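Look at the sequence and the model first.

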Amino acid sequence: MKFVQIIDFETERLDEMQQLLQEAGERSADKPGGPTYRVLLQDRDNPRRYLALIEFNSYEEAMSNSDDPETAKLAEQLGALCVGERVYTNCDVREMGPLK
């Protein structure tokens with residue numbers, strides 16, 4: 001079953017965060033078990049608030065990715081660019097597809 005982690009965070013340094021994510025993505029491009037898709041949403045009412053939706057093939061792959069030391073290092077670097085605490089929500093994907 002597909003799995004999505006939603007990360008709710010605030011930052012005034014999005015460009016720096018995106019640079020870190022791009023570099024990390026290049027380093028892990030050939031690693032199995034990493035994220036398969038991501039969506040970044042910006043709150044229209046609070047422009048420094050974002051929701052990142054990160055998709056994995058399974059909960060197990062997501063947890064394995066979380067245990068990777070490179071992921072922990074990246075999370076620490078990203079956290080330093082955030083305002084306040086990040087909130088993580090873990091979701092099993094029950095349905096996905098186009099609306100008809």
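**Strand pairing and helix packing**

In this predicted model, strand E1 (residues 3-10) pairs with E4 over six bridges in the antiparallel sense. Strands (E, at least two residues) and helices (H or I, at least four) are DSSP runs numbered from the N terminus, and two strands pair if DSSP finds at least two bridges between them. Residues are numbered from 1 along each chain as its sequence is written, and side-chain values use heavy atoms, with hydrogens and water left out. Local features need pLDDT of at least 70 and side-chain atom pairs count only at pLDDT 80 or more, while totals for chains, interfaces and linings use all residues.

Gln5 has Asn90 in E4 as its bridge partner, and Phe3 stands opposite Asp92 in E4. E1 also pairs with E3, again in the antiparallel sense, over eight bridges; here Phe9 stands opposite Tyr50 in E3.

E3 (residues 49-56) is in turn joined by six bridges to E2 (residues 37-42), and these two strands run antiparallel. Tyr37 has Glu55 in E3 as its bridge partner.

Put together, the four strands form an open sheet in the order E2-E3-E1-E4, with antiparallel pairing. E2 and E4 stand at the edges and have a single partner strand each, so one side of each is left without a neighbour in the sheet. From one strand to the next, the twist averages 15 degrees; angles run from 0 to 180 degrees between N-to-C directions, and axes are lines fitted to C-alpha atoms, for helices over the stretch in contact.

Now the helices. Helix H1 (residues 14-27) packs with helix H3 (residues 69-80) at an angle of about 170 degrees, the axes being 10 Å apart. In H1, Met17, Leu20, Leu21, Ala24 and Arg27 meet Glu70, Leu74, Gln77 and Leu78 of H3, where contact means heavy atoms within 4.5 Å. The residues of this contact divide into six nonpolar, one polar and two charged. Ala, Val, Leu, Ile, Met, Phe, Trp, Tyr, Cys and Pro count as nonpolar, Asp, Glu, Lys and Arg as charged, and the others, Gly among them, as polar.

Over the whole protein chain there are three helices and four strands, in the order β-α-β-β-α-α-β from the N terminus on. Its C-alpha trace spans about 35 × 35 × 20 Å along the principal axes. The mean pLDDT, the predictor's confidence in each residue from 0 to 100, is 93 for the protein chain, and 100% of its residues reach 70 or more. Confidence is lowest in H1, at a mean of 89, and highest in E4 (residues 87-92), at 97.
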